[in-house]
Amino acid sequence: MPTTDQLLEATAPAGSVGASPERRRPAPRARWTRRNIGLLTLGLVLGVLTVLPLVIMVFGSFKPEAEVTAPTILPQEPTFENYVYVFTEVPFLRYLLNSAFISAVITVLALWFHSMAAYALARLRFPGREAIFLVIFSTLLVSLPVIMVPTFAVVRTLGMVDSYAGLIVPAIFNAFGIFLLRQFYLSIPAELEEAALLDGAGYWRVYWSVILPLSRPILSALTVFFFLANWNSFVWPLTITSDPNLRTVQVGIASFQLQYTGNWNYTLAAATVAAVPMLALFFFFQRHIVESIKSAGFK
């Protein structure tokens, strides 16, 4: 009659005979190699260089006027008078509301029209589709200063100078959004669209019920990109408006700096207030941005 040890050896997997009861784990690889240390050091240096201006801006906004140009980062006598001055002596809240309204309207309209255009260019078949996409994509090679004068002439002819329409309408079109959404829609399995069409759904129903729900990650990323780009827009609002009530936050900060030359404490306080909404928006959509990058397959 076989013993217990013989039964264990017979039932043990091949190659495990004579092994100790505890499974032998492979020796871990060395983590702190010269290459990893170099990459970690490079990442830390780049991270510090990226964050340091923001840290100087935030701490500088709490410094009094006599201390703002000091070589120290931390304020010796912190004060909130800079923020009080910004919101009481200057219509900075109006600038913030203008930028928020303009950026939000442009972002919503751009996502709406870009998603429809990208769906048509990616999933529908019609004559001239590739030529239209090539023309749209070629506009990425044209910079804003090249088309600023013709755009201003068109806006002036339409009577949209010194108006919200002049700030919103020219900024809706963006070839980057159409290109990115088209590439994303090309990666969606065609079986989903074919199943919806077999069930009797039209192209509009497929776009609304199938394509848009699957586009949430990429639309969230584009929301951040579009809102940030229009929030930080400076040249076009400065060109198209002269009414102080239509000033955006970036134009307001620039005029504030010129108005109070040398008072960098007020300028830093205004810049800190303008940066807070963008940081909050980024952290809110951070997970969606990472998902969109993975799903879009950036290489």
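**Close-up views of a predicted model**

The side chains of Glu130 and Arg129 meet in a salt bridge, 3.2 Å from N to O. This is a predicted model in which local features need pLDDT of at least 70 and side-chain atom pairs count only at pLDDT 80 or more, while totals for chains, interfaces and linings use all residues. Residues are numbered from 1 along each chain as its sequence is written, and side-chain values use heavy atoms, with hydrogens and water left out.

**View 1. Arg129, Glu130 and Arg182 form one salt-bridge network.** A salt bridge is a side-chain nitrogen of Lys or Arg within 4 Å of a carboxyl oxygen of Asp or Glu. Besides the pair named above, the side chains of Arg182 and Glu130 meet in a salt bridge (3.8 Å, N to O). Arg182 lies in helix H8 and Glu130 in helix H5 (residues 129-138), so this pair ties together parts that are 52 residues apart in sequence. Helices are DSSP runs of H or I with at least four residues, numbered from the N terminus. Glu130 counts as partly exposed because its relative accessibility is 45%. Arg129 is buried, with a relative accessible area of 15%, and Arg182 is buried at 9%. Here buried means under 20% relative accessible area, exposed over 50%, and partly exposed in between (1.4 Å probe, protein chains only).

**View 2. Glu193 and Arg123 meet in a salt bridge.** The structure holds three salt bridges. In this one the distance from N to O is 3.0 Å. The pair links distant parts of the chain, with Glu193 in helix H9 (residues 190-198) and Arg123 in helix H4, 70 residues apart. Both Glu193 and Arg123 are buried.

**View 3. The largest nonpolar core has 31 residues.** A nonpolar core is a set of buried Ala, Val, Leu, Ile, Met, Phe, Trp, Tyr and Cys residues joined through side-chain atoms within 4.5 Å. Leu181, Tyr185 and Val206 have the most contacts inside this core. At least two of its residues come from each of H4 (92-123), H6, H7 (164-168), H8 (175-186), H10 (203-214), H11 and H12. H4 gives the most, with seven residues. A second, separate core of 20 residues includes Phe92, Phe227, Trp231 and Met278.

**View 4. Val206 and Ile211 are in contact.** Contact means heavy atoms within 4.5 Å. Leaving aside neighbours within four places in sequence, Val206 is in contact with Tyr119, Glu193, Ala196, Leu197, Ala201 and Ile211. Ile211 is found in helix H10 and counts as buried, at 1% relative accessibility. Not counting residues up to four places away in sequence, Ile211 touches Tyr119, Tyr185, Ile188 and Val206. Ile211 and Met116 are 95 residues apart in sequence and 9.9 Å apart in space, C-alpha to C-alpha.

**View 5. His114 is found in helix H4.** His114 is buried, with a relative accessible area of 3%. Apart from neighbours within four places in sequence, the residues in contact with His114 are Ile172, Phe173, Asn174, Gly177, Ile178, Leu181 and Phe226.

**View 6. Helix H11 is largely enclosed by the rest of the structure.** The buried residues of H11 include Pro217, Leu219, Thr223, Phe226, Asn230 and Trp231. At 1.5 Å a residue, the 16 residues of H11 should span 22 Å, and the end C-alpha atoms are 22 Å apart, which agrees. The expected span of a helix is 1.5 Å times one less than its number of residues.

**View 7. A nonpolar surface patch covers about 720 Å².** The patch is made by Leu141, Val142, Leu144, Val146, Ile147, Phe234, Val235 and Leu238. Patches are made of residues with over 30% relative accessible area and no salt bridge; like charges are joined within 9 Å, and nonpolar side chains (Val, Leu, Ile, Met, Phe, Trp, Tyr) within 5 Å. Accessible areas come from the Shrake-Rupley method with a 1.4 Å probe; for residues, only the protein chains shown count as cover. Helix H6 (144-157) and helix H12 (235-240) each supply at least two residues of the patch, and H6 gives the most, with three. Phe234 lies in the loop between helix H11 (216-231) and H12. Phe234 counts as partly exposed, at 33% relative accessibility.
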